[in-house]
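Please read the points below with the sequence and the model side by side.

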Amino acid sequence: MDPLKAYEELKKTVNYHMERYYNEDNPEITDHEYDKLMQELKVMEEAHPEFVTPDSPTQRVGGSAKREAGVLVRHNVPMLSLQDVFSKDEVTSFVEDMQGQFENPEFVVEYKIDGLSLVLRYEDGILKLAETRGDGINFGEDVTANAKVIKDVKRKLKQPLPYLEIRGEVYMTNEDFEKVNERQELAGKRVFANPRNCAAGTLRQLDTAVTKERGLSMFVFNIQQERGGGFQTHTQGYEYLKKQGIRVIEDYRVCHTAEEVWEAVCAIGENRGNLPYDIDGAVVKLNSLSDRELLGATSKVPRWAVAYKYPPEEKEARILDIEVSVGRTGRITPTAVFEPVRLCGTSVSRATLHNQDFIDQLDVGIGDYVKVYKSGEIIPKIREVVKEKREAGIVRYHLPEVCPVCGTKTVREKDTADLKCPSPNCPAQIERRIINFVSRDAMDIKGFGTVYIEELVRRGFIKDIADIFTLKDYREQMIAEGIIGKEKNTDKLLDAIEGAKQRDAYQLLTGFGIPNVGKAAAKAVMKQFGTIQNVAHAQAEQLVEVPDIGEVSAGCIQSFFADEANQKMLARLQEAGVNLERIVQDGESDRFSGKTFVITGTLPNLERKQAAELIERNGGKVSGSVSKKTAYLLAGENAGSKLAKAQGLGIPVIDEGQFLAMVNE
């Protein structure tokens with residue numbers, strides 16, 4: 001192939017993966033695969049410098065600054081990336097280069113956290129601004145509101161300086177990541193691929209309540225700019241930050257020789273599998289701040305630091321068994337059980353096989369030898385089958401045609417690779433159904449946590465939704481066994497359950513967890529039919545007349561109410577005194593019927609949730625994105641890109657006053 005054409009193709013590929021990683025927070029390839037592509041591009045540019053243009057990925061720092069999370073702000077100090085190195089020789093070369101320029105330089109070796117960069121600006125000890133990396137050079141996004149709900153971000157410093165700007169990495173622990181994905185799955189939403197993607201998406205959330213709930217964390221790794229501190233070294237800055245209660249990178253080491261630096265890099269590599277969060281390398285940086293200032297930076301990277309990237313670790317193991325489990329959504333997941341191997345410092349013996357398509361793609365069977373690695377240095381995965389070691393008689397594994405828990409014939413969901421147990425009464429799904437039923441968007445039974453639900457299901461107190469409302473009959477037993485706690489906590493939960501009987505029937509319908517029937521659809525259905533009984537007896541042609549209800553949703557509703565077990569559950573709910581009728585809200589109207597609103601920016605008096613409730617109460621819908629179908633853009637301060645898009649499409653833009661006037665007409 002022509003060298004220039006090959007270069008352009010490679011540049012296009014790297015640009016695509018940069019976009020997936022930095023701007024979409026949804027990479028398709030591993031960090032190691034991306035690094036290899038970038039290295040290949042650099043080699044081509046060294047051989048053909050005439051090919052290099054300003055838009056080359058090697059000439060840019062990161063992604064582009066977005067306006068979705070907030071207004072754009074100009075960086076005081078560029079948020080540069082680091083030069084990547086991949087061998088001991090490259091690390092040694094960097095150390096020796098520094099030693100040739102400075103007398104007895106000190107080096108700090110520390111974890112390179114796999115997260116999202118964030119800068120915090122403090123004025124007189126008060127947090128004034130939090131900004132993302134954005135394009136790395138000129139602009140980032142203002143995410144101050146979200147930063148303030150991150151537990152590691154201090155709003156006020158104990159020993160204030162006139163000005164302090166610090167940079168850190170926002171990340172998510174593996175435990176918090178699993179909790180978020182579990183909640184996403186229970187809500188029927190897309191799960192995140194890895195903790196970094198989840199952290200990045202969360203930091204850009206428009207709802208700070210979501211950000212707070214997901215439990216982001218932050219380590220600070222640099223003082224970008226300061227006045228009044230007079231720090232001479234990086235580690236002096238760390239000591240000051242620690243006194244302010246700010247979390248800095250853990251277990252950093254100060255080194256003086258190339259050998260000490262390499263030992264520290266290796267120690268981090270050996271320990272990375274034991275950390276509760278992901279790292280994607282080790283950083284080697286000069287300790288002296290004055291030496292850093294003398295060296296400066298290129299247009300992309302500082303000259304005083306490098307990032308060592310660890311090679312992916314991979315080992316062979318023999319599959320001993322393939323276990324099949326049923327998740328809370330009914331999804332059937334095969335898991336390979338193999339001979340224990342040590343990867344990234346820990347022993348692993350299990351890895352998911354996802355679904356039948358993945359099994360077919362690998363062509364894997366029990367007894368096969370496979371190559372195992374850790375994705376993101378954390379999650380065990382199978383890369384491929386070692387075909388040359390396959391023994392006679394080993395055949396490709398096939399998932400069972402019936403649910404391994406309840407024996408119901410399994411079904412494959414349309415347009416997915418997932419095999420599911422369709423029975424809503426499968427014991428494996430009871431917990432999931434109860435968690436959804438008591439959640440905020442459904443019956444909103446406060447204090448009914450997952451731990452209590454799991455224990456009550458395990459002990460047999462709850463076998464279906466209706467059993468929730470008979471728990472009061474077991475009050476004394478629950479108190480005696482301490483399931484909820486002592487008398488006070490037990491009564492508090494039972495009172496909350498009793499109060500939930502008066503909820504609007506759309507919340508009950510939402511709580512049933514019928515596929516393709518979420519909160520908005522449930523509201524629309526109940527507005528049309530009035531009572532749960534009417535919905536239960538509705539014909540398909542009647543259901544599809546409801547806005548947001550198509551043939552698939554109508555079929556799901558009919559299937560749910562046709563199930564004998566669900567009919568019995570509904571009768572028990574009615575017997576228990578649970579409200580089955582729609583509650584007409586004060587001020588309810590159809591004035592916004594057929595109209596879709598988008599809300600953006602900060603409104604003077606109303607919170608977004610309040611504005612959305614007013615729109616829905618008056619028959620309208622609320623969308624998160626502007627399109628040709630948008631009737632009005634309700635815009636407040638710092639409206640951002642949605643305002644520009646609405647103006648470009650000729651969509652009417654209204655403020656809070658105009659909106660309230662429309663509501664009160």
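1. The model under review is predicted. The protein chain contains 24 helices and 22 strands. Its radius of gyration is 29 Å, close to the 26 Å that the globule rule gives for 665 residues, so the protein chain is as compact as a globular protein of that length. The C-alpha trace spans about 85 × 75 × 65 Å along the principal axes.

2. The antiparallel sheet. An open sheet is built from four strands in the order S5-S4-S7-S8, and the pairing is antiparallel. Strand S5 (126–132) and strand S8 (217–227) are at the edges; each has a single partner strand, so one side of each is left without a neighbour in the sheet. On average, and with direction ignored, neighbouring strands of this sheet are turned by 25° against each other.

3. The pairing of S7 with S8. Nine bridges link strand S7 (residues 163–171) and S8 in the antiparallel sense. Within this pairing, Ile166 stands opposite Ile223 in S8.

4. Helix H6 (residues 195–203) lies across strand S4 (116–123), S5 and S7, and runs at about 40° to S4. Helix H8 (residues 234–243) also packs on the sheet, where it touches S7 and S8. The direction of H8 makes about 115° with that of S8.

5. The surroundings of Ile223. Which residues does Ile223 contact, leaving aside its neighbours within four places in sequence? This residue of strand S8 is in contact with Leu164, Glu165, Ile166, Phe231, Gly237 and Leu241. As for Glu165, 58 residues separate it from Ile223 along the chain, yet their C-alpha atoms are separated by 6.1 Å.

6. The parallel sheet. Another open sheet of four strands has the order S20-S19-S21-S22, and here the pairing is parallel. The edge strands are strand S20 (621–623) and strand S22 (653–654), each of which pairs on one side only. Strand S21 (residues 632–635) runs parallel to S22 and is joined to it by two bridges. Leu633 is placed opposite Val653 in S22.

7. Ala611, Leu614 and Ile615 of H22 make the contact with Phe659, Leu660 and Val663 of H24. By class, the residues of the contact of H22 with H24 are six nonpolar, no polar and no charged.

8. The pair H3 and H9. Two packed helices are described by the angle between their axes and the distance between the axes. For helix H3 (residues 88–101) and helix H9 (residues 258–271), the angle is about 140° and the axes are 9 Å apart. H3 and H9 are therefore oblique to each other, and H3 passes H9 in a right-handed crossing. On the H3 side, Lys88, Val91, Thr92, Val95 and Gln99 meet Ala258, Glu259, Val261 and Trp262 in H9. The residues of the contact of H3 with H9 comprise five nonpolar, two polar and two charged.

9. The pair H20 and H21. How are H20 and H21 oriented to each other? Helix H20 (residues 551–562) and helix H21 (residues 564–575) pack at an angle of about 75°, and their axes are 5 Å apart. H20 and H21 are therefore roughly perpendicular to each other. Phe560, Phe561 and Ala562 in H20 meet Glu564, Asn566, Gln567, Met569 and Leu570 in H21. The residues of the contact of H20 with H21 divide into five nonpolar, two polar and one charged.

Conventions:
Residues are numbered from 1 along each chain as its sequence is written. This is a predicted model: local features need pLDDT of at least 70, side-chain atom pairs count only at pLDDT 80 or more; totals for chains, interfaces and linings use all residues. Side-chain values use heavy atoms; hydrogens and water are left out. Two strands pair if DSSP finds at least two bridges between them. Axes are lines fitted to C-alpha atoms, for helices over the stretch in contact, and angles run from 0 to 180 degrees between N-to-C directions. Angles under 35 degrees count as roughly parallel, over 145 as roughly antiparallel, 65 to 115 as roughly perpendicular and the rest as oblique. A crossing is left-handed if the near helix is turned anticlockwise from the far one by less than a right angle, and right-handed if clockwise. Contact means heavy atoms within 4.5 Å. Ala, Val, Leu, Ile, Met, Phe, Trp, Tyr, Cys and Pro count as nonpolar, Asp, Glu, Lys and Arg as charged, and the others, Gly among them, as polar. The radius of gyration is taken over C-alpha atoms; the globule rule is 2.2 Å times the number of residues to the power 0.38.
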